[in-house]
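Dear colleague,

I am handing over the structure below, followed by a short account of what was found in it. Please read the two side by side.

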Amino acid sequence: MVIKCLEDYDAISSHAADIVAAAIIEKPSGVFGFATGSTPVGLYKSLIARYQRGEISFSRLTTMNLDEYVGLSADHEQSYRFFMQRHLFGHVDVRPECIYFPPESGEPSAFDDLIQSKGGIELQILGLGSNGHIGFNEPGSAFDSRTRVVGLASSTIRDNARFFEHSRDVPHQAVTMGIRTILEARQILLLASGANKSDAVVRSLEGPQTENVPGSCLQSHHNVTVLLDDAAAAGLTRNEK
Ligand code: GLP
């Protein structure tokens with residue numbers, strides 16, 4: 001695991017964009033796993049700028065998103081499909097028929113088969129929940145879990161209430177790639193910024209690997225890069241500048 005501590009959010013975003021752009025250039029027809037949340041917004045801005053400068057193209061990419069709320073339509077402003085359209089897909093040349101989200105109905109684990117049938121994920125982008133969740137794999141998620149419908153932890157509902165008009169509007173269920181689904185990606189890029197993530201960062205990166213801290217599963221993956229700002233890295237006993 002490579003852990004890099006950078007000066008601020010902008011530095012995380014542009015360094016992350018360097019990594020993602022390099023992977024896209026190397027595998028222009030690869031499968032890329034995208035994440036939502038406020039953390040990757042700066043990365044997506046930087047990818048759009050690179051696309052506009054002609055440095056990268058999404059035209060042959062397949063995209064697999066990490067998670068989605070259950071019960072929100074694609075045109076609901078807080079759905080992750082809407083988010084991706086607004087922050088990335090709507091600004092680049094990705095083909096709409098090559099954009100996939102985990103399905104909330106039918107058999108969600110079919111999403112894992114779909115990923116494999118497309119060749120597997122080259123690079124999976126991840127944020128980190130303040131309780132250590134990745135995707136919507138809340139504490140207690142099995143390390144061998146597949147894509148499935150999950151109930152959200154009350155701390156996640158509280159954290160995400162800021163995006164909704166009323167906290168009662170936050171869905172209580174989501175569909176998420178499983179921990180095993182995520183670990184099957186060939187490369188993982190984890191981003192975390194801000195003091196409210198520092199506890200989850202320490203527990204994920206330096207604590208024991210336990211299903212109580214979903215992010216700790218990443219310690220067993222052979223190709224993970226973690227980009228942190230000083231605030232998120234504050235509790236780590238070791239980090240590289
Ligand atoms: C959300 C998403 C996660 C995201 C995390 C952190 O609930 N399901 O994929 O990484 O929580 O969000 P943020 O980046 O806004 O802090």
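**Salt bridges and overall form**

A search of the whole structure finds 10 salt bridges, each being a side-chain nitrogen of Lys or Arg within 4 Å of a carboxyl oxygen of Asp or Glu. Please bear in mind that this is a predicted model, in which local features need pLDDT of at least 70 and side-chain atom pairs count only at pLDDT 80 or more, while totals for chains, interfaces and linings use all residues. Residues are numbered from 1 along each chain as its sequence is written, and side-chain values use heavy atoms, with hydrogens and water left out.

One of the bridges joins R53 and E55, with N and O 2.7 Å apart; R53 is exposed at 54% relative accessible area, whereas E55 is partly exposed at 40% (buried means under 20%, exposed over 50%, partly exposed in between, with a 1.4 Å probe and protein chains only). Another pairs R86 with E77, at 3.4 Å between the closest N and O atoms, and here R86 is partly exposed at 42%, as is E77 at 47%.

R203 and D199 also form a salt bridge, at 3.7 Å, and both lie in helix α7 (residues 198–205), 4 residues apart, or about one turn of the helix.

As for the whole protein, 54% of its 241 residues count as buried, and the C-alpha trace spans about 40 × 40 × 35 Å along its principal axes.

Key:
Helix = DSSP H or I, 4+ residues; strand = E, 2+ residues; numbered from the N terminus.
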